[in-house]
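Please look at the sequence and the structure below before reading on.

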Amino acid sequence: MSGKVFEQPLRIRWNHCDPAGIVYHPQYFVMLNNAMEDFFRECAGLSYEESLVEGYGFPIAGIRCDFCAPSRCGDDCVLRMWIESIGTTSVRFAMTIHAGDECRLACIETAVCAAREGDAVVKLSLIHISEPTRRSYIS
């Protein structure tokens, strides 16, 4: 959408891997979540913690992931993330992990902008993405 690509190096570590030495697929979701936190802090100028203090957050409402090729302990990869689309209450992120030219993972995540109702963490309500937040995503 904006053309801005968030990129960070990613080394595959033993704790990411199963006994066969390849990434155990749920670990990719931990890696993606870590990158999402870094994206919010570095690109949007607001950390997860700060958004929670403000009373809202961006929980993941949907995910589609293709595991294109195995990653192994010690592989040096690059994780890339960009905004594919932004609506009034949600943002769709595209993410890839590459080792050199080889795509290891391709993923689409939809995050919704939600506020807690009162002090209850279990009850969320969709809210509109503020204009300052929207601008930080697309600038």
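**Lead points**

Phe 6 stands opposite Met 81 in β4. The model is predicted. In it, 5 strands form an open sheet, and the largest nonpolar core has 34 residues. The structure also holds 6 salt bridges.

**The sheet**

- The order of the strands is β1-β4-β5-β6-β3, and the pairing is antiparallel.
- The edges are taken by β1 and β3 (60-67); each has a single partner strand, so one side of each is left without a neighbour in the sheet.
- On average, and with direction ignored, neighbouring strands of this sheet are turned by 20° against each other.
- Strands of a sheet pair through backbone hydrogen bonds, either parallel or antiparallel.

**Strand pairs**

- The antiparallel strands β1 and β4 are joined by 6 bridges; Pro 9 has Val 78 in β4 as its bridge partner.
- Between β5 and β6, which run antiparallel, there are 10 bridges; His 98 has Cys 103 in β6 as its bridge partner.
- The hairpin of β5 and β6 has 2 residues between the strands, and Gly 100 takes a positive phi near 65° there.
- An antiparallel pairing over 7 bridges connects β3 and β6, with Phe 67 opposite Leu 105 in β6.
- Ser 85 is found in strand β4 and is partly exposed, with a relative accessible area of 34%.
- Although Ser 85 and Thr 110 are 25 residues apart along the chain, their C-alpha atoms are separated by 9.3 Å.

**The two faces of β1**

- In a regular strand the side chains alternate between the two faces of the sheet.
- The side chains of β1 alternate in this way: Phe 6, Gln 8 and Leu 10 point to one face and are buried.

- The 18 residues of α1 should span 26 Å at 1.5 Å a residue, and the end C-alpha atoms of α1 are 26 Å apart, which agrees.
- An α-helix has 3.6 residues a turn, so residues three or four places apart point the same way.
- The buried residues of α1 include Tyr 28, Met 31, Leu 32 and Ala 35. Met 36, Phe 39 and Phe 40 in α1 are buried as well.

**The nonpolar core**

- Within the largest nonpolar core, the residues with the most contacts are Phe 39, Phe 58, Met 81, Phe 93, Ile 97 and Tyr 137.
- At least two residues of this core come from each of β1 (6-11), α1 (25-42), β4 (76-86), β5 (90-99) and β6 (102-112).
- The largest share of this core, 7 residues, is supplied by α1.
- Which residues does Phe 39 contact, leaving aside its neighbours within four places in sequence? They are Phe 6, Ala 44, Met 81, Ile 83, Phe 93 and Tyr 137.

- Side chains of opposite charge can pair when their charged atoms come close.
- Arg 11 forms a salt bridge with Asp 76, and their closest N and O atoms are 2.7 Å apart. This pair links distant parts of the chain, with Arg 11 in strand β1 and Asp 76 in strand β4, 65 residues apart.
- Arg 11 is partly exposed, with a relative accessible area of 44%, and Asp 76 counts as partly exposed at 48% relative accessibility.
- Arg 41 forms a salt bridge with Glu 49, with the closest N and O atoms 3.2 Å apart. Arg 41 counts as partly exposed at 46% relative accessibility, and Glu 49 counts as partly exposed at 45%.
- Arg 104 forms a salt bridge with Glu 102, the closest N and O atoms being 2.9 Å apart.
- Is Arg 104 buried or exposed? Arg 104 has a relative accessible area of 8%, so it is buried, whereas Glu 102 counts as partly exposed at 39% relative accessibility.
- A network of salt bridges links Asp 75, Glu 102 and Arg 104.

Methods:
Residues are numbered from 1 along each chain as its sequence is written. This is a predicted model: local features need pLDDT of at least 70, side-chain atom pairs count only at pLDDT 80 or more; totals for chains, interfaces and linings use all residues. Side-chain values use heavy atoms; hydrogens and water are left out. A nonpolar core is a set of buried Ala, Val, Leu, Ile, Met, Phe, Trp, Tyr and Cys residues joined through side-chain atoms within 4.5 Å. Buried means under 20% relative accessible area, exposed over 50%, partly exposed in between (1.4 Å probe, protein chains only). Helices (H or I, at least four residues) and strands (E, at least two) are DSSP runs, numbered from the N terminus. Contact means heavy atoms within 4.5 Å. Two strands pair if DSSP finds at least two bridges between them. Axes are lines fitted to C-alpha atoms, for helices over the stretch in contact, and angles run from 0 to 180 degrees between N-to-C directions. The expected span of a helix is 1.5 Å times one less than its number of residues. A salt bridge is a side-chain nitrogen of Lys or Arg within 4 Å of a carboxyl oxygen of Asp or Glu.
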